[in-house]
Amino acid sequence: MPISERAKQFMPFAAVKGLEEALAAKERERTFIPRTELSDHAAERLNRRLCRLEWGDTVTVKYYRHGEYLTASGRITRLDVTYRVMMIGEDIVIDFDDIYSVTAERRTM
């Protein structure tokens, strides 16, 4: 038997198809974090901060997505108050309703 054929018999294989995906889905369910509702005072304070943001500001945003809280930092490349959407960098799009907290640093020219 050639060496290349011998090596194949020791290669790992999936005895049950889809097991890895099912375990990963179960893990995501187990670690699901419910969304925290802001108090009226905290929501008003967050709204005031969002209103002061401008294109080009550097921000750190804590937001809720798919059962977990994520943090994104970078420059605001799009800020649309009509659709209530903020884009950080080239690929992070955050709805205003998902934002939990934001800290901003004014851009310098």
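Modeller: Let's start with helix H3 (residues 40-52), which lies across strand E3 (85-88) and E5, at about 40 degrees to E5. Keep in mind that this is a predicted model.

Biologist: In what order do the five strands of the open sheet come?

Modeller: The general idea first: strands of a sheet pair through backbone hydrogen bonds, either parallel or antiparallel. Here the order is E4-E3-E2-E1-E5, with antiparallel pairing. Strand E4 (92-95) and strand E5 (99-105) are the edges, each pairing on one side only. From one strand to the next, the twist averages 40 degrees.

Biologist: How many bridges join strand E1 to strand E2?

Modeller: Eight, between residues 58-65 of E1 and residues 68-80 of E2. You can find Thr-58 opposite Arg-75 in E2.

Biologist: Now the rings. How many aromatic pairs does a search of the whole structure find?

Modeller: Two. The rings of Tyr-64 and Tyr-69 have centres 5.1 Å apart and planes at 65 degrees, so they meet edge-to-face. Tyr-69 and Tyr-100 are also edge-to-face, with centres 5.5 Å apart and planes at 65 degrees.

Biologist: Which residues form the aromatic cluster?

Modeller: Tyr-64, Tyr-69 and Tyr-100. Tyr-64 is buried at 9% relative accessibility, while Tyr-69 is partly exposed at 22%. Look for Lys-62 too: its charged end sits over the ring of Tyr-69, 5.4 Å from the centre.

Key
Residues are numbered from 1 along each chain as its sequence is written. This is a predicted model: local features need pLDDT of at least 70, side-chain atom pairs count only at pLDDT 80 or more; totals for chains, interfaces and linings use all residues. Side-chain values use heavy atoms; hydrogens and water are left out. Two strands pair if DSSP finds at least two bridges between them. Helices (H or I, at least four residues) and strands (E, at least two) are DSSP runs, numbered from the N terminus. Axes are lines fitted to C-alpha atoms, for helices over the stretch in contact, and angles run from 0 to 180 degrees between N-to-C directions. Contact means heavy atoms within 4.5 Å. Rings of Phe, Tyr and Trp (its six-membered ring) pair if their centres lie within 6.5 Å; planes under 30 degrees apart count as stacked, over 60 as edge-to-face and the rest as tilted. Buried means under 20% relative accessible area, exposed over 50%, partly exposed in between (1.4 Å probe, protein chains only). A charge sits over a ring if NZ of Lys or CZ of Arg is within 6 Å of the ring centre and within 35 degrees of the ring normal.
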